[in-house]
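Dear colleague,

Here is the structure I promised to pass on to you. Please look through it with the notes that follow it, which go from side-chain pairs to the sheet and the helices.

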Amino acid sequence: MTMRTLLEGKSQETITVSESEMMLSAVQKMVDAKVGALLVTGESQSPMGILTERDVLRFCGTQADKLASTPVVDVMTKDLVVGTLDTSVDEAQVLMTQHKFRHLPVIDEGKVIGIVSIGDLVKARLRETAVEVKYLRDFIAMN
């Protein structure tokens with residue numbers, strides 16, 4: 001299964017935040033949308049980074065009193081690792097494991113198509129496994 005297939009089954013839009021938006025506003029967006037990551041965009045709306053729950057926690061651990069006055073660009077993860085529509089679930093899992101993150105933006109022709117979470121990948125893997133088990137059981141029952 002590829003990111004293309006995975007994103008086709010996902011209904012949620014990609015929530016973005018401007019790099020100049022204040023952290024408090026970004027955190028409220030995350031809470032309202034019930035997501036663990038926001039894609040950070042620049043003036044041209046191109047992806048500049050990602051703001052994750054982990055980024056927020058690290059910031060709050062030392063500077064919680066500055067949530068309202070600190071721009072997202074000062075806290076976000078700047079080294080954006082991305083997948084493509086042709087990235088497989090296996091490849092995405094490897095990327096997430098190697099880089100120790102839980103959200104992978106998916107890019108096509110320079111535009112963000114969506115973000116997949118580790119939870120999305122686990123659900124996809126469970127669906128694939130359930131189908132394989134069913135086929136194997138049916139095969140065994142026929143012999």
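A residue is called buried here when its relative accessible area is under 20%, exposed when that area is over 50%, and partly exposed in between. Please keep in mind throughout that this is a predicted model.

By that scale Lys-29, at 30% relative accessibility, is partly exposed, whereas Glu-21, at 18%, falls among the buried residues. These two residues are joined through their side chains by a salt bridge, with 3.5 Å from N to O.

That pair belongs to a set of six salt bridges that a search of the whole structure finds. In another of them, the side chains of Asp-86 and Arg-4 come together at 3.3 Å, again taken from N to O. Because Asp-86 sits in the loop between strand E4 (83–84) and helix H4 (89–99), while Arg-4 belongs to helix H1 (residues 3–8), this pair ties together parts that are 82 residues apart in sequence. As for accessibility, Asp-86 is exposed at 55%, and Arg-4 is partly exposed, with a relative accessible area of 38%.

A further salt bridge is formed by the side chains of Arg-102 and Glu-53, at 2.9 Å from N to O. This pair, too, links distant parts of the chain, since Arg-102 lies in the loop between H4 and strand E5 (103–108) and Glu-53 in helix H3 (residues 53–63), 49 residues apart. Both partners are partly exposed, Arg-102 with a relative accessible area of 38% and Glu-53 at 35%. Elsewhere, salt bridges with shared partners connect Asp-90, Arg-125 and Glu-128 into one network.

Turning to the strands, there is an open sheet of three, in the order E4-E5-E6 and with mixed pairing. The edges are held by E4 and strand E6 (111–117), each of which has a single partner strand, so one side of each is left without a neighbour in the sheet. Between E4 and E5 the pairing is parallel and runs over two bridges, and here Thr-84 is found opposite Ile-107 of E5. Helix H4 lies across E5 and E6, and its direction makes an angle of about 130° with that of E5.

Leaving aside residues up to four places away in sequence, the contacts of His-103 are Gly-36, Ala-37, Ile-50, Met-96, Ile-115, Val-116 and Ser-117.

Asp-55, Val-56 and Phe-59 are buried in H3, and because they cover an arc of only 95° around the axis, they are placed on the same side of the helix. As a general point, an α-helix has 3.6 residues a turn, so residues three or four places apart point the same way. On the other side of H3, Leu-57, Arg-58 and Gly-61 are exposed. The buried residues of H3 are covered by elements that include helix H2 (23–33) and strand E3 (47–52).

How values were computed: Residues are numbered from 1 along each chain as its sequence is written. This is a predicted model: local features need pLDDT of at least 70, side-chain atom pairs count only at pLDDT 80 or more; totals for chains, interfaces and linings use all residues. Side-chain values use heavy atoms; hydrogens and water are left out. A salt bridge is a side-chain nitrogen of Lys or Arg within 4 Å of a carboxyl oxygen of Asp or Glu. Helices (H or I, at least four residues) and strands (E, at least two) are DSSP runs, numbered from the N terminus. Buried means under 20% relative accessible area, exposed over 50%, partly exposed in between (1.4 Å probe, protein chains only). Two strands pair if DSSP finds at least two bridges between them. Contact means heavy atoms within 4.5 Å. Axes are lines fitted to C-alpha atoms, for helices over the stretch in contact, and angles run from 0 to 180 degrees between N-to-C directions. The arc is that of the directions from the helix axis to the C-beta atoms.
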